[in-house]
Amino acid sequence: MTSTNDPADLDSLELGLLLEGLHRRHGFDLRDYSRASLSRRIERFKQQEGIASTLGLLERALREGDLWERLLRELTIHTTSMFRDPTFFLAFREKVVPLIRTYPFIRIWVAGCSTGEELYSTAIILHEEGLLDRCRLYATDLNEEVVSQAKTGVFPVSSMKESTGSYQAAGGQRPFSEYYTVRDELAILSPALSRTTIFAAHNLVSDASFNEFQMIFIRNVMIYFNRSLQDRVLRLVHGSLCRLGFVCLGRRESMRFSPHEECYEEFVPGEKLYRKVRE
Amino acid sequence: MASLVVIGCSLGGLDALRVLLAAMPAEFPWPIAIVQHRGKNDDRLLVPLLQEVCALPVGEVEDKQPIALGHIFVAPADYHLLVEPAGFALSIDPPVSYSRPSIDVLFESAAASRRTGAVGVILTGTGEDGAAGAAAIKRRGGLVLVQDPSTATAGAMPGAAIAAAPVDRVLQLEAIAPALAELAREGRLPEALRDDPGPK
């Protein structure tokens, strides 16, 4: 065994003990999450809760269920915005939709759906292209509470201005306000948009594949994981995708250096829209 | 601790970066990471505009990219850029100091992972992003250089850094590249500038 006096090593040791404890006590394995973002979120949580040290946080998270619920949400949520990267959704509409239109039935997995922004953006395009009824969407996140929130399709009305601009930049032609009603500062998306969606808790770190899909959205989810966990999740994605199926990553994510790199071609260069061309 | 230069700028930053990077010697050994505030869908022009004046290779960061020596890394639009021991990480966490990418996020993660090896540079800009980050670098024993607010296009941001942290030097824009080159030639922080990291 080696010992240390270096404060950087001690911070890292404390963080490791916290993650180990949370895994053993609650069964959520955050040990292969990207440490820099995790550290920021833990510091913010400690401030909010008035907890002085990481080990003090561990002690309370082991014993207090409600504090653990709040911590899990703080550490794992990754709220995005509707039609984030409009050119990606434009490419989806113009390049992918004509192909999947020929399929009799389309299964789409929105992995790490968080509060649902990506899901509803996709559903709106499928609806406008007349494909939504032929699709089965699976929206999953590791946190059940977040999945329930996604299912409601409720967003702050203040976010609708940005969503509208992004929708238009993504090739949307209708008044975006057709898709929601407003009540008490909340925008409630039309329930018809999630009519063909199954919402479920699924943990990319520990759960297995549960179906075979023609398309998987996993954009800006794996940025919160370290390289080894990214490889594991990409294996799960690869095994869940049918031949000639599509995988969508975030704008600054890539298949490069992944275990299955040679099985994919970049279907729309620059948009991180990959197609599986080999098993 | 291996050295890393982190640079933050906002309004007027493009012009300032072009002056600074044009004067960086081709043999500058340390990696440089840059946060320039910009629009969320604005991802085409910044890197070419910097590369055209700079002898070192410039690129926009991809998630988990290794931090190669002698390279210049630019934070992508609408992502936070963070430093980890193994490489860069990105996040889409909410804006910090009204900004994503945020200078504070880059600087604080650089301070945590590089400690005395972190060298922060705050250039022109409005707002206060970077002030908390500069303070974090100083707490961990790194070095902070700031563009002179009185001659910066926008003096608020460098001024806020000076108010928040015991910065090491306040310099004219043209003097920053030579100061970085001199630090790198010495291979470490000069004795006179090295602070005791002290208790955390």
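**Figure 1. A salt bridge between Glu62(B) and Arg256(A) in the predicted model.** The closest N and O atoms of Glu62(B) and Arg256(A) are 3.2 Å apart. Across the interface of chain B and chain A, nine salt bridges are found. The interface also holds 20 residue pairs in polar contact.

**Figure 2. The interface of chain B and chain A.** Here 30 residues of chain B are in contact with 32 residues of chain A. About 2,400 Å² is buried between the two chains, and carbon and sulfur atoms give 42% of this area. Glu62(B), Lys64(B) and Ile92(B) supply 26% of the area that chain B buries against chain A, more than any other three residues.

**Figure 3. Domain 1 and domain 2 of chain A.** Domain 1 spans 7-76, whereas domain 2 comprises 86-153 + 193-276. The C-alpha centres of these domains lie 29 Å apart. Eleven residues of domain 1 are in contact with 14 residues of domain 2. The area buried between the domains is about 1,200 Å², with 47% given by carbon and sulfur atoms. On the side of domain 1, Asp32(A), Tyr33(A) and Arg73(A) lose the most area to domain 2, together 49% of what that side buries.

**Figure 4. A salt bridge between Arg73(A) and Glu145(A).** The closest N and O atoms of this pair are 3.0 Å apart. Two salt bridges are found across the interface of the two domains of chain A, together with five residue pairs in polar contact. Helix H2 (35-49) and helix H4 (65-76) of chain A each supply at least two residues of the side of domain 1 that touches domain 2. H4(A) gives the most to this side, with four residues.

Methods
Residues numbered from 1 in each chain as written. Chains lettered and ligands numbered in written order. Predicted model: local features only at pLDDT ≥ 70, side-chain atom pairs only at ≥ 80, totals over all residues. Heavy atoms only, no water. Contact = heavy atoms within 4.5 Å. Buried area = accessible area lost by both parts, 1.4 Å probe. Salt bridge = Lys/Arg side-chain N within 4 Å of Asp/Glu carboxyl O. Polar contact = N/O pair within 3.5 Å; in protein donor to acceptor, adjacent residues only side chain to side chain. Domains from an automatic or database assignment.
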